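Please read these notes beside the sequence and the coordinates. The points follow one another by element.

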Amino acid sequence: MKKPIKHILIIRFRRVGDSVLAVPLCTSLKKSFPDVQIDFVLNSAIASLYEGHPDIDKIISFTDEENHSLIKYLSRVRQVMQATKYDVIIDMRSTVKTLFFSLFSLNTPYRIGTKKGYNVLLHNYCIDNHNDNLTDMVQHNLQLLRPLEKEAKITYDPELRLYVDEKEKNSFRSYMEKQGVDFSRPVIFASVVTRVAEKMWNPERMKDVLRRIIDKYQPQIIFNYTGNREEELAKALHKELDNDPHIFTSVRADSLLDLRAMIANCDFFFGNEGGPRHIAQSFGIPSYAIFSPGIVKSVWLPGDKERYQGISPDDLSSPTQQGQMSAQDYFNLITVDDVWKEVDLMLNVYLAKK
């Protein structure tokens with residue numbers, strides 16, 4: 001008789017977008033093993049995003065201090081692995097550092113990782129999930145469940161889902177109303193600035209598209225930003241748009257809990273690709289994203305291709321041309337008309353109800 005799978009550990013460090021794309025793994029496991037406990041390992045800076053998620057039983061967060069000190073990191077990993085006897089470890093990135101989770105739990109029957117040249121001795125199931133037949137990152141991630149097909153019929157669920165408590169959502173909605181947001185009109189969450197400068201589309205072109213959106217749809221547009229640098233850029237962009245009253249830079253999300261509540265109260269996402277767009281999709285909010293060079297749209301934009309769309313310079317060029325251009329020149333292949341043509345079609349569909 002098989003021993004039932006009771007405890008599963010999923011390891012997914014890195015940033016918001018990566019972790020959101022890992023959630024379908026948790027959902028699929030809950031549907032396949034309803035009584036299982038799922039522990040999710042994350043960086044502490046993003047852990048709060050998953051508070052209250054029904055498919056995650058325990059969040060194990062690592063601080064920057066623990067991640068940057070090898071001694072503290074190893075001590076914490078050992079502590080985690082000694083505290084619970086896991087039946088399954090899923091090491092999503094399978095880096096040299098994350099291999100220590102498996103090293104400290106060699107009796108775990110399923111130690112699953114992405115196939116690398118160095119992990120064969122610690123992961124007894126190494127999955128080659130990077131091939132051209134897998135269309136996006138969610139499908140890549142779900143391939144890590146294949147070894148568990150020996151234990152049960154696996155229900156593969158690719159949908160991104162985050163959750164926000166209604167009280168929390170309504171509280172932030174009230175705050176937005178106090179800042180002047182009128183929910184009888186469309187509300188667009190706009191990611192106009194980025195943490196990494198190279199991922200930000202040309203601000204002059206962004207302003208032009210925003211003017212067209214305002215002229216045609218008269219929406220309320222919430223400029224998202226994090227930190228002093230992004231705030232300065234967002235407010236400067238607003239000023240260059242003559243402080244248009246359709247745009248709000250006073251609505252602040254000072255934490256990921258605020259950010260998820262803010263996004264959950266919006267009708268549409270527009271702007272640079274990144275973690276906030278993934279959060280928007282996890283709430284079913286239609287989105288249009290602008291992808292920077294090196295971020296492959298087909299990989300990082302999963303789901304309903306009508307509801308969740310975007311544009312990449314790869315859509316407008318060939319690999320040969322890309323190799324002959326600088327990254328910025330390649331990014332600049334995306335014109336105002338390219339973006340407006342597509343986002344206008346989406347707004348005409350998804351904002352029509354307002």
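1. In helix H11, the buried residues are Gly275, Pro276, Arg277, His278, Ile279, Ala280, Gln281 and Ser282; buried means under 20% relative accessible area, exposed over 50%, and partly exposed in between, with a 1.4 Å probe and protein chains only. With 8 of its 8 residues buried, H11 is largely enclosed by the rest of the structure. Helices (H or I, at least four residues) and strands (E, at least two) are DSSP runs, numbered from the N terminus. Just after H11, Gly284 has a positive phi of about 75°.

2. On the basis of the model: it is predicted, local features need pLDDT of at least 70, side-chain atom pairs count only at pLDDT 80 or more, and totals for chains, interfaces and linings use all residues. Residues are numbered from 1 along each chain as its sequence is written, and side-chain values use heavy atoms, with hydrogens and water left out.

3. His278 belongs to H11, which spans residues 275-282. Its relative accessibility is 3%, so His278 counts as buried. Not counting residues up to four places away in sequence, His278 touches Gly17, Val20, Leu21, Leu160, Glu273 and Trp300; contact means heavy atoms within 4.5 Å. With Glu273 there is also a side-chain polar contact of 3.4 Å. A polar contact is a pair of N or O atoms within 3.5 Å; within protein, one must be able to donate a hydrogen and the other to accept it, and residues adjacent in sequence count only if both atoms are side-chain atoms.

4. The open sheet has 6 strands in the order S9-S8-S7-S10-S11-S12, with parallel pairing. Strands S9 (247-248) and S12 (308-311) are at the edges with a single partner strand each, so one side of each lacks a neighbour in the sheet. Two strands pair if DSSP finds at least two bridges between them.

5. Strand S7 (residues 187-191) pairs in the parallel sense with strand S8 (residues 220-223) over 4 bridges. Ala190 is opposite Phe223 in S8, and Phe189 has Ile222 as its bridge partner there.

6. Of the 5 residues of S7, 5 are buried. Val187, Phe189 and Ser191 point one way, Ile188 and Ala190 the other. Helix H15 (residues 336-350) lies across S7, S10 (268-272), S11 (287-290) and S12, at about 165° to S11. Axes are lines fitted to C-alpha atoms, for helices over the stretch in contact, and angles run from 0 to 180 degrees between N-to-C directions.

7. Helices H7 (residues 166-178) and H10 (residues 256-264) pack at about 75°, with axes 9 Å apart. They are therefore roughly perpendicular; angles under 35 degrees count as roughly parallel, over 145 as roughly antiparallel, 65 to 115 as roughly perpendicular and the rest as oblique. Among the residues that meet are Phe172 and Met176 in H7 and Leu257 and Met262 in H10.

8. Leu148 lies in the loop between helix H6 (137-142) and H7 and is buried at 0% relative accessible area. Leaving aside neighbours within four places in sequence, Leu148 contacts Ile5, Leu29, Phe33, Val88, Tyr110, Ile112 and Ile154.
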